[in-house]
Amino acid sequence: MDHLIPDVDAVDRQPELLAIRKSLIGLDRSEIAAALVETGIDEKAARMRARQLFHWLYYRGASKFEDMSSISKEMRGWLPEKFTAERPEITSLQESTDGTRKWLVKFPDGQEVESVHIPEEDRGALCVSSQVGCTLTCSFCHTGTMKLVRNLTAGEIISQMLVARDTINEWPSPKGERMISNIVMMGMGEPLLNYDNVAKALKIIMDGEGISLSKRRITLSTSGVVPKIRQCGEELGVNLAISLHAVNNDVRDILVPINKRYPIKELLQACKEYPGSNNARRITFEYVMLDGINDSPADARELVRLLKDIPAKVNLIPFNPWPGTQYQCSSNNAMHRFAKIVNDAGYSSPIRVPRGRDIMAACGQLKSASKKAPASVRHKENAASASL
Ligand code: SAH
Ligand code: SF4
């Protein structure tokens with residue numbers, strides 16, 4: 001009885017309804033079921049419907065209830081009055097000649113974050129933000145000069161993936177090759193300082209009945225929030241990347257000030273104990289190359305010494321300068337010399353190649369376009385290429 005179904009598009013056009021409708025994105029099955037129970041459905045039916053909705057939201061990628069054909073017409077009729085599965089607005093989408101894509105995603109309160117997809121031949125990494133801004137103040141990082149605006153919700157974290165998959169047209173979740181084959185939590189913000197929302201989002205992304213991305217294809221980067229590292233390993237088991245950047249506390253205190261709270265020794269101990277890491281699943285140590293600060297052969301040798309007994313690989317990141325920064329990127333010679341020492345000691349240590357520069361994805365280029373953009377994009381550019 002199609003005529004009984006309300007005009008879904010008409011509902012979408014009513015702003016007052018938009019404001020009161022609850023987004024299902026970011027809810028796990030039990031939360032969807034609980035939300036349905038609140039509408040008056042009995043618990044058993046709610047559990048069944050929640051499974052169906054979860055499948056449509058995260059396996060099929062549906063954003064409109066009217067497309068969810070396995071759900072009864074009657075229910076499809078009233079769901080849009082109470083709930084939404086809409087995506088955040090894409091404020092801009094740019095594509096580089098090398099295929100790199102960059103989304104500026106705007107949430108209903110006007111806050112924006114960026115996500116970057118760096119494609120390879122038959123796969124690609126999506127770099128996702130966890131916060132708008134960052135409370136930490138790493139001195140080489142442009143985000144560090146911003147105040148934390150706010151944490152992202154689990155739904156906002158997942159939405160970055162949904163938006164990217166809509167654009168790339170990667171629905172339903174492919175069983176085999178994927179263009180978004182990896183996720184790197186290396187966008188704006190410190191993911192372990194928004195752990196609960198990040199964990200919830202990643203659990204939904206890993207769920208086998210939805211997006212079903214393996215924990216082996218997810219990498220979380222942290223500046224070293226030591227108490228959360230173990231929890232992350234135990235609960236999520238994702239790959240870990242550590243923003244080390246210095247081999248002694250004096251230098252690291254300046255580059256990554258959270259080091260004053262959790263110094264190198266404690267950080268490396270947490271790495272040694274990271275559940276699930278082994279020679280096949282190594283911890284990545286990110287090391288930004290700063291001219292005259294941390295790039296000497298002695299630093300490289302000390303790095304090798306520190307990494308002893310840790311299943312590690314090293315990512316050397318050419319520093320992306322930004323207006324007002326006091327740092328400069330190390331010379332090519334210094335970077336290659338450093339890489340060779342680390343490599344000769346048995347650790348893989350590639351120097352990242354920046355991508356997507358023609359779409360102003362490199363650090364500093366974006367400032368005129370969006371005040372918050374440069375740092376986040378810089379991170380994603382680094383991060384996405386690192387994980388592949
Ligand atoms: N907050 C987390 C994740 C986001 S930062 C963390 O710090 O690990 C992602 C990576 O970009 C980190 O390794 C960070 O140190 C690095 N980064 C920050 N500013 C940079 C810059 N100007 N040039 C190169 N890499 C930078
Ligand atoms: Fe925050 Fe990471 Fe930037 Fe440090 S490097 S200020 S932790 S986003």
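**Close-up views of a predicted model**

**View 1. What covers the buried residues of helix α10.** In this predicted model, the cover over the buried residues of α10 includes α8 (226-235), β11 (239-243), α9 (249-255), β12 (283-289) and α11. Helix α10 itself spans residues 264-272, and its buried residues are Ile264, Leu267, Leu268, Ala270 and Cys271. These residues cover an arc of only 155° around the axis, so they lie on the same side of α10.

**View 2. Helices α11 and α12 packed together.** Let's turn to a pair of helices. Two packed helices are described by the angle between their axes and the distance between the axes. Here, α11 (residues 297-307) meets α12 (residues 332-344) at an angle of about 25°, and their axes are 9 Å apart. Angles under 35 degrees count as roughly parallel, and α11 and α12 are therefore roughly parallel to each other. The crossing of α11 past α12 is right-handed.

**View 3. The residues between α11 and α12.** Which residues of α11 and α12 make the contact? From α11 come Pro297, Asp299, Ala300, Arg301, Leu303 and Val304, while α12 brings Arg337, Phe338, Ile341 and Val342. Sorted by class, this contact of α11 with α12 has seven nonpolar residues, three charged residues and no polar ones.

**View 4. Ile20 in helix α2.** Look for Ile20 in α2, the helix of residues 15-20. Is Ile20 buried or exposed? Its relative accessibility is 64%, so Ile20 counts as exposed. Now find Glu81 too: Ile20 and Glu81 are 61 residues apart in sequence, and their C-alpha atoms are 8.8 Å apart in space.

Key:
Residues numbered from 1 in each chain as written. Chains lettered and ligands numbered in written order. Predicted model: local features only at pLDDT ≥ 70, side-chain atom pairs only at ≥ 80, totals over all residues. Heavy atoms only, no water. Axes fitted to C-alpha atoms, helices over the stretch in contact; angles between N-to-C directions. Helix = DSSP H or I, 4+ residues; strand = E, 2+ residues; numbered from the N terminus. Parallel < 35°, antiparallel > 145°, perpendicular 65-115°, else oblique. Left-handed = near helix turned anticlockwise from the far one by under 90°. Contact = heavy atoms within 4.5 Å. Nonpolar A, V, L, I, M, F, W, Y, C, P; charged D, E, K, R; others polar. Buried < 20%, exposed > 50% of the residue type's maximum accessible area, 1.4 Å probe, protein only. Arc of directions from axis to C-beta.
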